[in-house]
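Take a moment to look at the model below. We will walk through how its parts meet.

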There are 2 protein chains.
Amino acid sequence: MELIWENSYGSVSVDDICRKAGVNKGSFYHFFPSKSDLTVAAMEADWTNKRVELDAIFSPQLPPLSRLEGYCDSALRCQENKLAAHGKIWGCPMITLGAELSTQDEKIRIKAAEILRRYMRYLESAIRDAQSEGLIGDGNPRDAAERVFSLFQGAMLQAKILNDLSPLRDLKSNFLRLLNVQSESALA
Amino acid sequence: MELIWENSYGSVSVDDICRKAGVNKGSFYHFFPSKSDLTVAAMEADWTNKRVELDAIFSPQLPPLSRLEGYCDSALRCQENKLAAHGKIWGCPMITLGAELSTQDEKIRIKAAEILRRYMRYLESAIRDAQSEGLIGDGNPRDAAERVFSLFQGAMLQAKILNDLSPLRDLKSNFLRLLNVQSESALA
DNA sequence: TTTGCATTTGACTGAATAGTCAATTAGCTT
DNA sequence: AAGCTAATTGACTATTCAGTCAAATGCAAA
């Protein structure tokens, strides 16, 4: 996952993966029928790791808008680290894989779509809670989550391509704009 | 450009490109030092083509919010065509290339960033005109263009990965939400 | 200790890869 | 027609690629 995330699916060879994993090629193909299948498995494993952090960020114990704020902060921190360590913004691995392979590899596309939907579920639930507290405007929370996530993904990608974190810094206030925030104080 | 857009940079070989162009490999390398350089040239050529259409969509003769609407419509139509013809949503070629190669190929990253900035200039000017007519809220129009474009890119990518046009259908109203539209009638 | 299966090994294949090059051809200028 | 340069040709290299396989090893249960 690290190799593919840092570079790209197309530029990473099975030999590269085996070298990094300290494994022979025969072992690789003993467990995975193809590079594509390994990638799907790596995507799922990445989700399993990430989930722990996300469950904490989106804990229902936290005020709903703080959850969204925490999510933006964590994304910014993550990319700050990549930039500091490697000089490059890596973006979101699911999006990167999806952008590269959605037209070519249906299994990878489906897995990316599946995981993105899981991400959106966190947003949806935070939005629903925020609505019930009267913090933001009404409307289908799933649609709202979808558009907030679009903005998030887009900002992430823009940051990657411009190699500049600023699109990620304004994310918090742009989320609220998109959610018809009820009082300006929520922005504080 | 077509090959790379439909597939990906990594999956298209110089041989593929030569075959499609009806050209020998020697000729290719007579004009371009590498596949990467050809890609940069193809990106610029793609912009030159696209520009004609964009100049029409964003004509200052049109009401500013109609320009944004026209842009959303044209993006939707474009992806509808790809879906109908090839069964897949192709997304935006600059974003696709940028997502795949920004960490690996600096020349391509810079060209993608340059062209994305040109796109944003259309948005910025429409937003500034809309502000001066009192149609939308004030605020730095460049920042507003950046966030509208983030949403646009994100929706495009989400459509590609989900292989479903619906994120593109709500784009128009989500633009306005992001721009603090002054009257609901602007949504009509 | 023996049986049996899961895992590991590393050499191997055949195809594809980016890029080279000397020789040929085309087309323009004088 | 002669001369010159730009463009074209296609065979060539050396490397890398995904994927295979028969043989060897590890390991756990009986």
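This is a predicted model: local features need pLDDT of at least 70, side-chain atom pairs count only at pLDDT 80 or more; totals for chains, interfaces and linings use all residues.

The largest share of the surface near DNA strand D comes from α3(B), which gives four residues. Helices here are DSSP runs (H or I, at least four residues), numbered from the N terminus.

Residues are numbered from 1 along each chain as its sequence is written, while chains are lettered from A and ligands numbered from 1 in the order in which they are written.

Stay with the DNA. At least two residues each come from α2 (14-21) and α3 (25-31) of chain A and from α3 (25-31) of chain B. By type, the residues of this surface are three nonpolar, seven polar and four charged. Asp, Glu, Lys and Arg count as charged; Ala, Val, Leu, Ile, Met, Phe, Trp, Tyr, Cys and Pro count as nonpolar; the others, Gly among them, are polar.

Now turn to the two chains. Their contact takes 42 residues from chain A and 42 residues from chain B. Two residues are in contact if their C-beta atoms, placed from the backbone, lie within 7 Å. On the side of chain B that touches chain A, α8(B) supplies the largest share, 13 residues. That side holds 16 nonpolar, 17 polar and nine charged residues.
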